[in-house]
Amino acid sequence: MSSDALVTVSGLHKSFGDVEVLRGIDFEVARGEVVAIIGPSGSGKTTMLRCVNLLERPSAGRIEVDGRVLCEENADGSMRFSDKAEIRAIREHVGMVFQRFNLFPHFTAVENVIEAPMAVRGLSRKDAKARALELLDSVGLAHKADSYPLQLSGGQQQRVAIARALAMDPAFMLFDEVTSAVDPELAGEILLVMKRLAQEGMTMLVVTHEMGFAAEVADRVLFIDHGLIVEEGPAKEVLGKPKHQRTRSFLRAVLERAPMAEEEIDDDEL
Amino acid sequence: MEWDVVLESFPLIWKGAGKTVGLFAWSLAVGTVLGLAVALMKLSSAKPLSWFATGFSWLFRGIPLLILLFYAFFALPEVGWLLSPFWAAVLGLSLWTAAYQAEAIRSGIIAVDQGQTEASDALGMTRSHSMRRIIIPQSIRIMVPPFTSNATTLLKQTSLATLVTVPEMTLLTQRIFSNNFKFIEPIFVLAMIYLAMTTVLIIGQLIVERTFRLRT
C-alpha cells in the first residue's frame, strides 16, 4: 500500500436485497491523481463511487479516506461504520458532484455555495460570500450569482454544483456522470472546469462516459463490469490497447455506438 | 326569506365569531406543531418513535371527532382533569387535526427529491440542519394544498364544539331558532359567515403558494 494513497478501498461488496452489485472491489487513489471509472450501465460504477462517502453503506469491505477509516469489517464479518459525527467530518473533505446536479432550488446560485461553509465550517456570511463569488467566477458564472437553479441551463447548474463542492475546500472530489444529464453541447463547459481542476492538482475520482475526457485528463482508468474491476491501468493503455475482450467490446460500443456483443455478455454470466 | 330577520340574526350570531376563530386558531397552532412532531417521528429511523407516531395517527384519525370532544369535556373531569368547555374543545380539535396535519406534512417531506438529502449529506450538513434549511422549506410548497384543506375542515368542525357548550357561532344560532322558531334566516347567516371564513383561508393558500413558488 503506497503511503500517499488518499483513498484506499479493499474488499468492497454491496448488495441491494438479493442483487450483488459490487462483488469485491479493491483500488487506491493517490494524492493528486485523477482516476476515471468506466463501464457499462448497471456495472456498479456509480454504486462504487457512492460508497466512498458512504451515501451507500457497503455490505462488506474497508474504506479509508485521508487516513480515516469510514468502515471496516469486524472479526466476525459484521460491518463497523464510523459514528455520524466522524462520517460528517470526513464528508466535509470529500466534494461530490451528482449526475442530476441536486442544487437547492429555493436558493440562488451564491446561496447554494455559501450554505455548507456557513453551516458546517462556521464561516461568516461575508467571508463565505466572498469565497463563493470567487468560485463562481472561476467556473465562469459570476454574473449568475443571484439566479435560481431553474433559471440556469444544465451546464450552468452543474458548474454551480462544482463551485458548491469546492467551497468546502475538499481534499478530493467525486464526480458521478456529471455530464450525462446535460445537452451534449453543454458538456464541454463542465469538462473544461474539471480539466482545470485536475491541472491544479485536485485528486479526483470520476465516473464517466466521456472517453475523450478520460483519455486526456485521467492518470488511470478502471474498467468495471458486473461489480468487478476487469481491467485497470494508465488511461492510454486501457483505452488504447485494452487487454480484455469485455473492455474492447465496451469501448467499441461507446465509441462507435454499436451494441455490445450479446454472446460476450452471456459468456461473462456463465 | 325575510331580510329583516337576517339583519336581526347577524349581530347575534357574529358575537360567537370570536369563539369560533379562537377555537380554530388555537387548534390549528397546537395541531400543526404536534403534527410536525408526529410527522418527524414517523419518518425517524428510531423504531419506538415511528411506532408511537403511527399509533397516534391511527387513533386520532380513527375515532369520530365528536367522541374526542366528549372525552375531553365529559370523561376527563371523571379522572380529575376539569377543563373549561373552550379548552376541552381545543384539546379534542388539536389532537384530531394533528393526526391529519402530520400526514400532510409527512407527504410534503417525502415528496422532496432524495437528491436534496444526498447533496446535504455529501456537504457534511447535519440531518437537522438539512431538514430545517433544505427539506422543510421545499416541502412547504408541496404541503400547502393538503394543509389548507385540513385547516378548512378544522374551521368547519369547530361547529361541533356546540355539543360541549362552547358559545360559538353555531350554538348562538341554535339559541335564536329555539327562541323564535325561525330557521331559514339564522342558518343562512351562519352558513355565509363560515363560507366567508373559509374563503379567507383559500385566498391565504394562493398567497402562500405564490410566495414559495420556485423561481424559474
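**Ground rules.** The model is predicted, so I noted that local features need pLDDT of at least 70 and side-chain atom pairs pLDDT 80 or more, while totals for chains, interfaces and linings use all residues. Residues count from 1 along each chain as its sequence is written, chains are lettered from A and ligands numbered from 1 in the order written, and side-chain values use heavy atoms, without hydrogens and water.

**Entry 1: chain B overall.** I looked up the secondary structure and got 9 helices and 0 strands for chain B. (Helices are DSSP runs of H or I of at least four residues, strands are runs of E of at least two, and both are numbered from the N terminus.) The C-alpha trace of chain B spans about 70 × 50 × 20 Å along its principal axes. Of its 216 residues, 44% are buried. (Buried is under 20% relative accessible area, exposed is over 50%, and partly exposed is in between, with a 1.4 Å probe and protein chains only.)

**Entry 2: contacts.** I checked the contacts in chain B between residues at least 6 apart in sequence, and 77% of them join residues at least 24 apart. (Contact means heavy atoms within 4.5 Å.)

**Entry 3: the largest pocket.** I put its space at about 970 Å³. It has 29 lining residues, and the closest to its centre include B:S45, B:D121 and B:R127. Helix 7 of chain B gives the most to this lining, with 5 residues. (On a 1 Å grid over the protein atoms alone, a pocket is an open set of points with protein on both sides within 12 Å along at least five of seven lines, a cavity is a set where a 1.4 Å probe fits but cannot get out, and lining residues have an atom within 4 Å of a point. Points are joined across faces, edges and corners, and a volume is the space filled by probe spheres set on them.)

**Entry 4: the largest cavity.** My search of the whole structure turned up 2 cavities of 30 Å³ or more. The largest has a volume of about 40 Å³. Both chains line it, with A:M96 and B:A122 among the residues. Strand 7 of chain A gives the largest share of the lining, 3 residues.

**Entry 5: A:N53.** I found A:N53 in the loop between helix 1 (45-52) and strand 4 (60-65) of chain A. Is A:N53 buried or exposed? It is buried, because its relative accessible area is 1%.
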